[in-house]
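Subject: A structure for you to look at

Hello,

Here is the structure I promised to pass on. Please open it first, and then read my notes below.

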Amino acid sequence: METMLVRLKPFDPRRGHVLRRYTYRGIKLHEERGWYRLEKPVAEYLRTVRQQPADPHSPLAFDICTEEEAKALDNRDKESSNARKTAADEIKV
């Protein structure tokens, strides 16, 4: 059985990511728990779920990846969280 890694996008109201939990077929997905390994048909359904169900223009609710893509996404998130400039950094003008 093929599986995919799925996570609810991190809470960020400025970007429209407002869901903190979602339930589908008895599977409870929580934003703070991170990645879940789910069967491919379930992941394909979650790929279509939006942050606001009635708004077709709202952002997608889930990140759905293979294991390698998930690791790369986690690394990118970690690097971007440490990207804050300090006073000693050279700022290009």
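**What I found**

The secondary structure of the chain comes to two helices and five strands; helices (H or I, at least four residues) and strands (E, at least two) are DSSP runs, numbered from the N terminus. Read from the N terminus, the order of the elements is β-β-β-β-α-β-α.

Two notes on the source: this is a predicted model, where local features need pLDDT of at least 70 and side-chain atom pairs count only at pLDDT 80 or more, while totals for chains, interfaces and linings use all residues. Residues are numbered from 1 along each chain as its sequence is written, and side-chain values use heavy atoms, with hydrogens and water left out.

**Strands**

Three strands form an open sheet in the order E4-E1-E5, with antiparallel pairing; two strands count as paired if DSSP finds at least two bridges between them. Strand E4 (36-39) and strand E5 (62-65) are the edge strands, each pairing on one side only. On average, neighbouring strands of this sheet are turned by 35° against each other, direction ignored (axes are lines fitted to C-alpha atoms, for helices over the stretch in contact, and angles run from 0 to 180 degrees between N-to-C directions). Strand E1 (residues 3-8) is joined to E5 by four bridges, and the two run antiparallel. Leu8 stands opposite Phe62 in E5.

Strand E2 (residues 21-24) and strand E3 (residues 27-30) are also antiparallel, joined by four bridges. They form a hairpin with two residues between them, and Arg25 in the turn has a positive phi of about 50°. Tyr24 has Ile27 in E3 as its bridge partner.

**Core**

Which residues have the most contacts inside the largest nonpolar core? They are Val6, Leu29, Leu38, Leu46, Ala61, Phe62 and Ile64, in a core of 15 residues. Such a core is a set of buried Ala, Val, Leu, Ile, Met, Phe, Trp, Tyr and Cys residues joined through side-chain atoms within 4.5 Å. Buried means under 20% relative accessible area, exposed over 50%, partly exposed in between (1.4 Å probe, protein chains only). E1, E4, helix H1 (40-46) and E5 each give two or more residues to this core.

Not counting residues up to four places away in sequence, Val6 touches, among others, Leu38, Ala43, Leu46, Phe62 and Ile64 (contact means heavy atoms within 4.5 Å).

Of the 93 residues of the chain, 30% count as buried.

Happy to hear your thoughts!
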